[in-house]
Amino acid sequence: MVELAQELSNGEVTLKLVTAEIYPALKATFAKDTEIWDIYPVNLNDPEAEAQLAAFHGGEGWTHFAVLRGEEVVGTTSYIHPSIENGTVMIGGTYLQPDAR
């Protein structure tokens with residue numbers, strides 16, 4: 001969905017598309033809450049997280065964002081299987097580090 005794959009900003013919050021450049025900062029946010037991963041289908045702190053995400057998400061239909069507060073990466077969220085025809089989009093795969101909740 002090209003129409004949805006763009007940066008969004010409102011006040012101090014920005015959603016940036018996840019890229020190789022932003023991924024290290026995103027990974028650092030995952031380590032800020034080790035207990036929360038018990039309730040997620042994929043532990044993003046796990047060294048195999050990328051392979052697990054690929055298996056869980058499949059190859060298509062997800063638009064991944066890094067959530068920034070100012071210049072600091074504080075989490076992630078995604079659009080899931082948007083449908084222009086139906087005017088729908090699911091939002092999920094969301095994690096915010098503890099001080100951003």
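Modeller: Let's start with Tyr 40, which counts as partly exposed because its relative accessibility is 24%. Trp 37, at 4% relative accessibility, counts as buried. Keep in mind that this is a predicted model. Together with Phe 30 and Tyr 95, these two residues form one aromatic cluster.

Now for the ring geometry. A pair of aromatic rings is described by how far apart the centres are and by the angle between the planes. The count of aromatic pairs here is six. One of them is Phe 30 with Tyr 95: the ring centres are 5.8 Å apart and the planes sit at 70 degrees, so this pair is edge-to-face, the cut-off being over 60. Phe 30 lies in helix H1 and Tyr 95 in strand S5 (residues 88-96), so the pair ties together parts that are 65 residues apart in sequence. Phe 30 and Tyr 95 are both buried. Then there's Trp 37 with Tyr 40, whose ring centres lie 4.8 Å apart with planes at 55 degrees, so that pair is tilted.

Next, the nonpolar side chains. Phe 30 and Trp 37 are among the residues with the most contacts inside the largest nonpolar core, which has 13 residues; Leu 26, Leu 44, Ala 66 and Val 73 are on that list as well. Helix H1 (23-30) and strand S3 (62-69) each supply at least two residues of this core, and H1 gives the largest share, three residues. Apart from this core lies another one, of five residues, including Leu 15, Phe 65, Val 67 and Tyr 79. As for Val 73, if you skip its neighbours within four places in sequence, its contacts are Ile 22, Ala 25, Leu 26, Thr 29, Ala 66, Val 67, Leu 68 and Gln 97.

In strand S4 (residues 72-83), 10 of the 12 residues are buried, so S4 is largely enclosed by the rest of the structure. S4 runs antiparallel to S3, joined by eight bridges, with Arg 69 opposite Glu 72 in S4. The S3 and S4 hairpin has two residues between the strands, and Gly 70 takes a positive phi near 65 degrees there. S4 also runs antiparallel to S5, through six bridges, and Tyr 79 stands opposite Ile 91 in S5. The S4 and S5 hairpin has four residues between its strands, and Gly 87 in the turn shows a positive phi of about 65 degrees.

Key:
Residues are numbered from 1 along each chain as its sequence is written. This is a predicted model: local features need pLDDT of at least 70, side-chain atom pairs count only at pLDDT 80 or more; totals for chains, interfaces and linings use all residues. Side-chain values use heavy atoms; hydrogens and water are left out. A nonpolar core is a set of buried Ala, Val, Leu, Ile, Met, Phe, Trp, Tyr and Cys residues joined through side-chain atoms within 4.5 Å. Buried means under 20% relative accessible area, exposed over 50%, partly exposed in between (1.4 Å probe, protein chains only). Contact means heavy atoms within 4.5 Å. Rings of Phe, Tyr and Trp (its six-membered ring) pair if their centres lie within 6.5 Å; planes under 30 degrees apart count as stacked, over 60 as edge-to-face and the rest as tilted. Two strands pair if DSSP finds at least two bridges between them.
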